[in-house]
2 protein chains.
Amino acid sequence: MNDTLDEAAALDIGALAAGLAQEHPADIVERLNAEPIDTASAVLSALPLERAAEVFDEPGLERAEELIEAQPAERAAALFRAMSDDRAADIFRHLDEPVRERLFAELDLETKAAVARLLAYPENTAGSIMTTEFVSVPSTWTVGETLDYVRKVEKTRETIYAIYVLDPKTEILVKPVSLRRLIAGAPQDPVLSVAPHRRPIAVPPSADREDVATLISKYDLLAVPVVDKRGHVLGIVTVDDIIDAMIEETTEDVQKFGGVEALDAPYMEIGFPRMIYKRAGWLCALFLGEMLTASAMQHFESELEKAVVLTLFIPLIMSSGGNSGSQATSLIIRAVALQEVRLRDWWRVALRELPPGVTLGAILGVIGIMRIALWQNLGIFDYGEHWVLVAMTVGAALVGIVTFGSLAGSMLPFILKRIGFDPASASAPFVATLVDVTGLVIYFSIALIFLRGTLL
Amino acid sequence: MNDTLDEAAALDIGALAAGLAQEHPADIVERLNAEPIDTASAVLSALPLERAAEVFDEPGLERAEELIEAQPAERAAALFRAMSDDRAADIFRHLDEPVRERLFAELDLETKAAVARLLAYPENTAGSIMTTEFVSVPSTWTVGETLDYVRKVEKTRETIYAIYVLDPKTEILVKPVSLRRLIAGAPQDPVLSVAPHRRPIAVPPSADREDVATLISKYDLLAVPVVDKRGHVLGIVTVDDIIDAMIEETTEDVQKFGGVEALDAPYMEIGFPRMIYKRAGWLCALFLGEMLTASAMQHFESELEKAVVLTLFIPLIMSSGGNSGSQATSLIIRAVALQEVRLRDWWRVALRELPPGVTLGAILGVIGIMRIALWQNLGIFDYGEHWVLVAMTVGAALVGIVTFGSLAGSMLPFILKRIGFDPASASAPFVATLVDVTGLVIYFSIALIFLRGTLL
């Protein structure tokens, strides 16, 4: 009975694998991501090695570590050999011991060396996402020789659209040559005759992947060579690695701005403990910071008791400060990321934020005053005999708090950057918390000025 | 005297232009962006036409519209002819009348037709960012014939790395062929012999550029063909157009999440009125929404007067709801953008958010209770004889409000999407405002339960 079931299951897997074998690897990945891990693993075993390696080559494949672990050791080693080095290193980076060590021992020498070299670079650097499967030729070759060589090695290289011409003795990078200029060139000409006149663009392995993305986008490149200090090409970062990296960075930026530590897996797959871990840290830190509002309120307790009417506007006024701060922060975080402003420009930004801050505060202040006057005169609510003074207090506090919010929000990314943190850690909740405490002090100070002798 | 000055200036411009002529266009752009508009314009006039067109081809060039306007009409027309069609259309899109009409009249017929065709598509669609300068060949050709043709047209095409094979009669797209497979093929074989077996990937001109980016990233493409309903290739979207689009989208996403309308120029260049316009709308809308907090507080005025101690924790409790909401929103906005969750998954997300919401609320609740107990027992502040009940109220309110914040924050993007808005409009300030009003009601309702008969 069980045998029949197993057989039926095996037939299903076989049919599924046969059907998928003709699909684009990215589509196979999409299908496998939706299947339970056992089915996905069985399908991968049933696929021809080349196809399975192509599937593992897709960074979109979820649970890649578990899936490779489920393959027999020998096949796992063959898969690692067949997939690109940067992807193999990426999977190893996320494998846990002792599986990691066991699988590493199974690798052939060449793959082992390549993976070990890539693993030595910290995550999110050019070194960690580069591939070592690029085309390089000595500068003594002709266009024709280079093309012949490219044809021969095409199948084993991640990209052949950029070819790196090296000094034949020192192996130092002389120039990159694009395949399009190469096929347009005369076969008997030296390969350097089709190279651009400009000095080659290259990055060190320690370069941040965001900076590599900026270079690729600025110069419209298909790949950037990663070179050591002497100018030897260690590998290349290709445009599709960079696109994947950019999507990840955008997700991280939005999550960080929301006050969450960046998730390391899709939202629907994060387990409960990990979700708490990623959110509780910031939430508690902000809560502790926000406790200062309770202290500030305690400080003004006697004023509060005398003028309960003031408490009615506390949430309204505080949130406006937080909102204007959040606006300013989001603008500056992106301006810093796009290198439109630099650290030394902080005072220019502060000067730029001042006029909008005051203007926006004045707009809200006028609306606030009108609201109080309207409610009072329509008889909706009675703010007491000194309602005009209360309205003035609210209006003036809004100007002060919105201006402070804009300034604090725009300066926070600079301050974080200056003291060595990621400016993108300046989240909306962070700014709001910062502005809340000061906002209360501003509000009560203005109230003391306007209302001393009447309400206070 | 003035003549000598002018001559000196002319010499300077000449020297600057000569120096820049050897640089990469992207570097020339960087330099020109930093110069006053007159200098930049003079340098562009002094550069050879081909170089100047390359500079205009860079999407990073700021003030491109003013710069082209400053060129003599004939040179402007020549520049438009020399630059890529999609970039020319992009500049036209941002030109104001009557300059737009005047320059358009100067264009040669071919450029005119291409630009008019591209301008017909709405901004941010595949049609509006595609280029019409691609390589296509009939399916009757051999690999060798195709390569010869590619060599001949190389200089006039934006990319030659993807070649589109068309039906010789209907001109409908049959297959794309990559240059790398083409140069590896045998010259006498038919061109279709090196085509992939899979059906071609293509998009309609109305496709959103974000969806095109997803396709390019998913299938690691260098270009995607844009086809009409019958399958004719109208143009192609290349990977570098998509990278530029992705950087723009990230900026928009972060700015929107901060509660600002997306800026259409770099932060440091936005004028004062435009800056107010981009920020005041949301700020006022949020302020009006937040006014409901004043109404809610007015409703509980008698409770406030009896128990001023309750007001001390209002900012603390409300901000915690806003923070947890902002966290949940940022997670869901990205999950929706990456298509990890779809509209119909809303209830699965709600179920997923419930346990972390309650847990995070409980964590903050315990910290809050400890804070009150500590301050009371250390004698830092006296919360009155019923301080235990006050602490319980604060703790319970935190559980309720943080849970509500997580749920509201995670559902807001779905609700916006459902009623036809961009889910990314669910900004952190928007969520905070939404949670603030409900948060107050939750807090006072819990207070009524815990404190009725004692304080209230």
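A crossing of two helices is called right-handed if the near helix is turned clockwise from the far one by less than a right angle. Keep that in mind for the first close-up; everything shown here comes from a predicted model.

**View 1. Helix 17 of chain A crosses helix 20 of chain B in a right-handed way.** Here residues 314-337 of chain A pack against residues 428-451 of chain B, at an angle of about 165° and with the axes 10 Å apart. Anything over 145 degrees counts as roughly antiparallel, so helix 17 of chain A and helix 20 of chain B get that label.

**View 2. A look at who touches whom between helix 17 of chain A and helix 20 of chain B.** Chain A brings A:Pro315, A:Ser319, A:Gly322, A:Asn323 and A:Ser326 to this contact. From chain B come B:Ala428, B:Pro429, B:Ala432, B:Thr433, B:Asp436 and B:Leu440.

**View 3. Chain A laid over chain B.**

**View 4. The contact between the chains, with 96 residues from chain A and 96 residues from chain B.** On the chain A side, helix 17 supplies the largest share, at 17 residues. By class, that side of chain A has 55 nonpolar, 24 polar and 17 charged residues.

Notes. Residues are numbered from 1 along each chain as its sequence is written. Chains are lettered from A and ligands numbered from 1 in the order in which they are written. This is a predicted model: local features need pLDDT of at least 70, side-chain atom pairs count only at pLDDT 80 or more; totals for chains, interfaces and linings use all residues. Axes are lines fitted to C-alpha atoms, for helices over the stretch in contact, and angles run from 0 to 180 degrees between N-to-C directions. Helices (H or I, at least four residues) and strands (E, at least two) are DSSP runs, numbered from the N terminus. Angles under 35 degrees count as roughly parallel, over 145 as roughly antiparallel, 65 to 115 as roughly perpendicular and the rest as oblique. Two residues are in contact if their C-beta atoms, placed from the backbone, lie within 7 Å. Copies are superposed by least squares on the C-alpha atoms of residues with pLDDT of at least 70 in both. Ala, Val, Leu, Ile, Met, Phe, Trp, Tyr, Cys and Pro count as nonpolar, Asp, Glu, Lys and Arg as charged, and the others, Gly among them, as polar.
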